[in-house]
Each structure stands twice: as structure tokens, then as C-alpha cells.
Amino acid sequence: MTDKYNGETAEVLANEALQLPITEAVPIYEQLLAIFPTAARYWKQYLEAHMAVNNDDAVKQIFSRCLLNCLNIPLWRCYIRFIRKVNDKKGTEGQEETRKAYDFMLNYIGADITSGPVWMEYIAFLKSLPAPTSPEETQRMTAVRKAYQKAIVTPTHHIEQLWRDYENFENSVSRPLAKGVLSEYQPKYNSARAVYRERKKYVDEIDWNMLAVPPSGSSKEELQWMAWKRFLAFEKGNPQRIDSASANKRIAFTYEQCLMYLYHYPDIWYDYATWHATSGSIDSAIKVFHRALKALPDSEMLQYAYAELEESRGSIQAAKKVYESLLKDDANATALSHIQFIRFLRRTEGVEAARKYFMDARKSPSCTYHVYVAYAMMAFCLDKDAKFAHNVFEAGLKRFMHEPSYILEYADFLSRLNDDRNIRALFERALSSLPPEESVEIWKRFSEFEQTYGDLSSMLKVEQRRKEALSKTGDGEESTLESSLQDVVSRYSFMDLWPCSSKDLDHLARQEWLSKNINKKTEKPALANGIGSADKNSSGVPTSSSSTKVVYPDTSRMLVYDPRQKIGISGPVQPGILLPSNVTTLGGAGAPNALSDILKTLPPALAAFAANLPAVEGPSPDVDFVISVCLQSNIPLVTSKSVAPKQQQAGSAPSTSDLSGSAKLKPTRDRHVGKRKDLERQDDDTATVQSQPLPRDVFKLRQLQKSRGGTASHTTGSASYGSAFSGELSGSTG
């Protein structure tokens, strides 16, 4: 597989193996399980393929590889089916073996939230055992009672069903005794049921079909990591208030399940081992580290953590083996592993052992200047041997004169010795051998040194030499050689104390950049686009290209703020439309289509009304209150397009014939008077409804709307309008 942790490719291979004979499918299964050793569904599929051809020896061997590392209910139920099949014809001996297998299974996965059917199956098996004699019957009933009492205090999906079954069981045995036993376990059951409800919230967040892959930083992986962390924290809180042994067993079970899915996460392994260590089980922590290093052999973090645990409990040789395993392959050994092994030897075996190993490590190709610095400071700080430390630095200088960081570490060491003479000599030697572009930090430290140890003349002399040397790395302009106020600020500042305000500092930095680019007229557009940037340090000296640059914003791309613009919507937003949250998050061309779809669902009158509303920025209005206001408002009647403009200007209401489209007959005065009376009668009828207080209940609003609509529809000789909610105009005539 090109990407061996690709889940889709793994599914294709698993489906391919299903179609093949077991002899041809074995290599595919082995390849899959080498990559996903905790994928319970692939183990189960592999086992069922062998069980189908009655290959019992292979099944037993596979179970021994996967069972304890995959605490998965379907896989373990497959195991119990196999055990029952094997022992089915062995009589009493086979039944005893099956009972032991059930006990073994429930000891490992009995705390699972989905283990309810397993408990029921176990209890049914116990009830089915033959008991010809009275002692055997008593023994069987005792075993069933114990199984029930364990099941009803375990937070599972079937806890209520198990409690009902337990009540029936006790009542079937002895009603007088059942009351006392049930009253004893009722509080424990209630506590388990309450914990189940809380536990289910955490379990529902987990993807139980996820394959164990190395972390890639995807949001799904991070969500699963957080879900498991929350679940572990919940279990560590012991919400059921059970005894510490049972609580620790449940926490360990949760960690084991977590590692089935976060197998490649070193922090989960470390947390698991640390939890065992703090709980007092050092041996269990050691076993967890062994498994972790097998799962993640390239994790130096886990190796150091394991060595630390071994050393802390006094197992020096075991810890030493861990360090030696990091160094056994000299080609892959790192400078850090050399340094940590020297420190370990210094702690456990003394100065001579550490010195001897340092002499050998110097010859290693993986030995860098870090090893020299670490050992020299160890000799100086722990062994109090300044002379030997000085010799180590001098020996390293022959190999690492080209490393500015090593020069600075050496200078720091000499500063601790207050050896200003050798510090100056070191700076001069380094500056004579390093190219100008690599000596920026050396010059900076040299200047700081002279500010502390030198007088004014030596300080100014080093500043001038620094400018002359570093000007060769820039454009070579004369302005870089001139003194500036920035130099004064640099010389007379101390730690976080400055001889000017932060505003003055910003002003000086800006002036410095402008002075450098004062003659570069062609670079004006580059400044606008954020390309032009200052490449001088705070003291006015040009720095190399790796120094921090000041990037200015591209003002040509700035947009005028418009409150109607919504993030994620391309295209204009119509005024007055309050978009739902799911629309505002759409991007690209889909958002305008979604908006137009919303408008299409509205009636024409309401859509026109909504389109003319002003833009709303702020909280959404109370819909019920707005509707009640609309119902109480006296909205003027809308005339048809066929009404003459003169009639609209005169303010006369349209007649019934006008609404129907026949406007040939001129309305008489009497008809106008009759029409006006009809309208006044209609207003009087609706006034009683509209004068009521504002209702807040939706049902009352609908009743109010219906009463108004009914009044309008019974009025004869007037235009009947649609519901206030639909906004549709109907031109029926009386």
C-alpha cells in the first residue's frame, strides 16, 4: 500500500480477503494486522475465516495474539462461541471450561457499557447447568445470584433489564427473603443507573469504528482525542464511589480501550504508565512502557520516560540498557542521546565514567558542538572544575570555530569566569574566521560585552568596526556607516529599561527604514504590497536576510466596510433580509442560490415586503410580537392594477366591478356611499378584535388571525383579502 495507514485501502483489502480461500487470504490478513494491530474487526474477520474451515489450532493461536490487546465485545463473543463449540461435547468437564471462559471474559470486558448481553448470556448459561442434587442446586443458585449482583452494579445499556430479571429471580426463589436482598442492592443499582446516564454522554462522542493511525492533526482526530480525554477524566473521578480496586480496574479498562484507537499517541501511553506508577503499581507501569516502546520504537520521549522510571526505582542497569539502545546504532544516534547518557553516567557511576564516555563520544560522527558545551558545563557546574571545562571548550573550538552558537556559549562561560581578556581574544579569533553574513550575532554580543566591560572609547570603536564589517553584507550605502540615534538607544538601554518611550522607538524604527529606502523610488509599489521591509536591527545596522522583517499591509486591497456584507457569502446581500445561520456560512456560488430559494418560498406580497426592509445588524426580533403588531395594524387595502389613476388620486375605494375587470359603468354617488358604508361596517367589526391586548401565545395569535379573516369574508360587497400570514390578494366578489 502506498499510504499504509489509509483506511479505505484497508477496507478494500479486507473485503478482498473475504472472497478468497483462507490459505490465500492469510497473507492479506497478516499484512493488515501488522499495520492495524488493534483493529478488532479485522481480527474477528480473520478468526471467523479459520473457524469456518474448523482450523482450531490456528484460531487458538490468533486468539492468543489479539484477545488481551483488543477489549472489544464482538471479538470476545466470538471467543466464547469458539470455546462453547469446542467444549460442547465434553460433558461436565466442558461445561466447567466454558464457565471459566465466561469468568475470564467478564473479568476483562465486564465493565464495558455494551456488556449487558454478555452478562445475560452468562446468567442464562449458569441457569442451564444441570444440578441433580440439592447442594449442586444451591451452588448453582448462588452462582446465578452473584452474577446478577455484579451485573446490576455495572453501568451498561441493559442495566434496567438486568435489574428486572434479578427481581424476578429473587422473587422466584423466596419472596420473604427477596425483599431484604433487593432493598440492600437497590441503592447500588440506582447509583449505577445514574452513572450509566452520565457515562453514555461520553461514550456517544467516541467513534468506535476508527482505525488506529498516527496523528495527522485532522479535526476528527483531535475531537476523538478530546473525547477520550474527557472519558478518562470521568472514570478517574470515580463517579460511582466504588472501592479503589474496582475503580482502578475500570480506569485501566478505559485506557486499554483508548489505546485500541489512539495506539500511535505517545502521550496516551505515557499517561497510562504514569497513572499506574502514581497508583502504586510500578510493575504495571513498566509493562505499559514495554508495550509503548514496541508500538512506537522511534519515540525518544517514551524511551527517556521509561529510563527515568527505572532509574527512579533503583533499577540502574535496566535504565542503562534503555540509553544504550538509543546509542547502539551509531549512524542513527543523536547528539542529544550522547548528552543524556553522559548525564546519566555522571549521576549513577560518577565523574570518571562520564568523562570516559565523553572521550569516546567525541569520535562519533553524530557528535556536534552541543556535546562539548554540555560536558564542559557539567564539569564546571557539577564537578567544579573550571580548568577542565576551559580545556573542553578549547578542544571544541578547533572543530567548531565556524559555529557562531558555539562561540557564544564559550563567551558565556568565560563571562562566568569574569575573564574579559580571553573573551576579547575569543571574539577577535571568531570574527577573523567567520564570513560577515554569519557574524551578525557575534558582533552584537561583542558590542554588548564592551558596554559592560569596556570604556567609552572601546565601545565606540567596536560599534564602528561592526558597522564597517556588516555594511558589506547589505547595499553598501554610506548611511549605514553613519551614527544614528538608534545607536544611542542601544548603548544606554538595560534589560527592559529604555531611554525613550515605545512611541519614540517605533518612530525611530520607521525613520531608519525610510532613510535606507530614501533613494529607491522604484520600490514604492513594493512597499504597498508588503514586499519592502526593514532589514536592519534595532541598532541601525543592516542584518542578514534571516533577520526579522517588518511587513507593511497592502492598502490597495482594503475594502470599504459594509455592514450588509456577511462572511462566507459571495455576492450582494439584499437589504432587509435576515439570513439564517446556515446560509451565512455558505461559501462560493451556493449562498445566492440559497437566498433566492428562501425568497421563492415566501408569498409574493411578503417577499416584496421583506425585500424593502432596511438592513438589520443586531439581535433578531421576537417573531410572535411582530406578528401580533401586524395583526393589530390597520393595513390599507391594495388596489388592483386595473383601477384608473384618477380614482387612486381621488382616494375612492374600488367597486366590485372594478376589481373584476369591468370598468365600463361609471360609479354613481349612491354606490360610492353604499361602498363607504360597507367599509365602515367592516372596520367596526374588526375593531373589536384589533383593540384587544397583544397576545403572546402562538395559539391565541392564530385564533385572532382566524377571527379577523372570518369577519372580512362575511362582509358583503367588499373585496376579500387573504390571510395576513400569506399576503395573497383574492378578488372574489359578493
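Leu 456, Leu 460, Leu 485, Val 488 and Tyr 492 form a nonpolar patch on the surface, with about 480 Å² of accessible area together. In such a patch, residues with over 30% relative accessible area and no salt bridge are joined, nonpolar side chains (Val, Leu, Ile, Met, Phe, Trp, Tyr) within 5 Å and like charges within 9 Å. Accessible areas come from the Shrake-Rupley method with a 1.4 Å probe, and for residues only the protein chains shown count as cover. The structure is a predicted model, in which local features need pLDDT of at least 70 and side-chain atom pairs count only at pLDDT 80 or more, whereas totals for chains, interfaces and linings use all residues. Residues are numbered from 1 along each chain as its sequence is written, and side-chain values use heavy atoms, with hydrogens and water left out.

Helices α24 (456–470) and α25 (485–491) each supply at least two residues of the nonpolar patch; helices (H or I, at least four residues) and strands (E, at least two) are DSSP runs numbered from the N terminus. Leu 485 is found in helix α25 and, at 53% relative accessibility, counts as exposed, where exposed means over 50% relative accessible area, buried under 20% and partly exposed in between (1.4 Å probe, protein chains only).

The secondary structure of the chain comes to 35 helices and 0 strands. Of the 734 residues in the chain, 37% are buried, and the accessible surface comes to about 42000 Å², of which 55% belongs to carbon and sulfur atoms. Among contacts with a separation of 6 or more, 54% are between residues 24 or more positions apart, a contact being heavy atoms within 4.5 Å.

The largest nonpolar core has 161 residues, and those with the most contacts inside it are Phe 36, Tyr 42 and Trp 269. Helix α19 (residues 369–381) gives the largest share of this core, with 11 residues. A nonpolar core is here a set of buried Ala, Val, Leu, Ile, Met, Phe, Trp, Tyr and Cys residues joined through side-chain atoms within 4.5 Å. When residues up to four places away in sequence are not counted, Tyr 42 touches Ala 10, Glu 11, Ala 14, Tyr 29, Leu 32, Leu 33, Phe 36 and Leu 211.

Rings of Phe, Tyr and Trp (its six-membered ring) pair if their centres lie within 6.5 Å, with planes under 30 degrees apart counted as stacked, over 60 as edge-to-face and the rest as tilted; by this rule the count comes to 47 aromatic pairs. One of these, between Phe 393 and Tyr 406, is tilted, at 5.9 Å centre to centre with 50 degrees between the planes. Phe 393 lies in helix α20 (residues 386–400) and Tyr 406 in helix α21 (residues 404–416), so the pair ties together parts that are 13 residues apart in sequence. Phe 393 counts as buried at 0% relative accessibility, and Tyr 406 is likewise buried, with a relative accessible area of 0%. Both residues belong to one aromatic cluster, whose members include Tyr 369, Tyr 372, Phe 400, Tyr 410 and Phe 413.

Lys 384, with phi near 55 degrees, is placed in the loop between α19 and α20 and is exposed, with a relative accessible area of 65%. Asn 418, with a positive phi of about 60 degrees, is placed in the loop between α21 and α22 (420–433) and is exposed, with a relative accessible area of 52%.

The structure holds 28 salt bridges, each a side-chain nitrogen of Lys or Arg within 4 Å of a carboxyl oxygen of Asp or Glu. Glu 121 forms a salt bridge with Arg 77, the closest N and O atoms being 2.9 Å apart. This pair links distant parts of the chain, with Glu 121 in helix α7 (residues 116–128) and Arg 77 in helix α5 (residues 73–87), 44 residues apart. Asp 412 forms a salt bridge with Arg 445, the closest N and O atoms being 2.8 Å apart. Asp 412 lies in helix α21 and Arg 445 in helix α23 (residues 440–453), so the pair ties together parts that are 33 residues apart in sequence. Arg 445 also meets Glu 448 in a salt bridge (4.0 Å, N to O), and these two residues, being 3 residues apart in helix α23, are separated by about one helical turn. Asp 412 counts as partly exposed at 34% relative accessibility, as does Arg 445 at 25%. Elsewhere, Lys 44, Glu 48 and Arg 81 are linked in a network of salt bridges.
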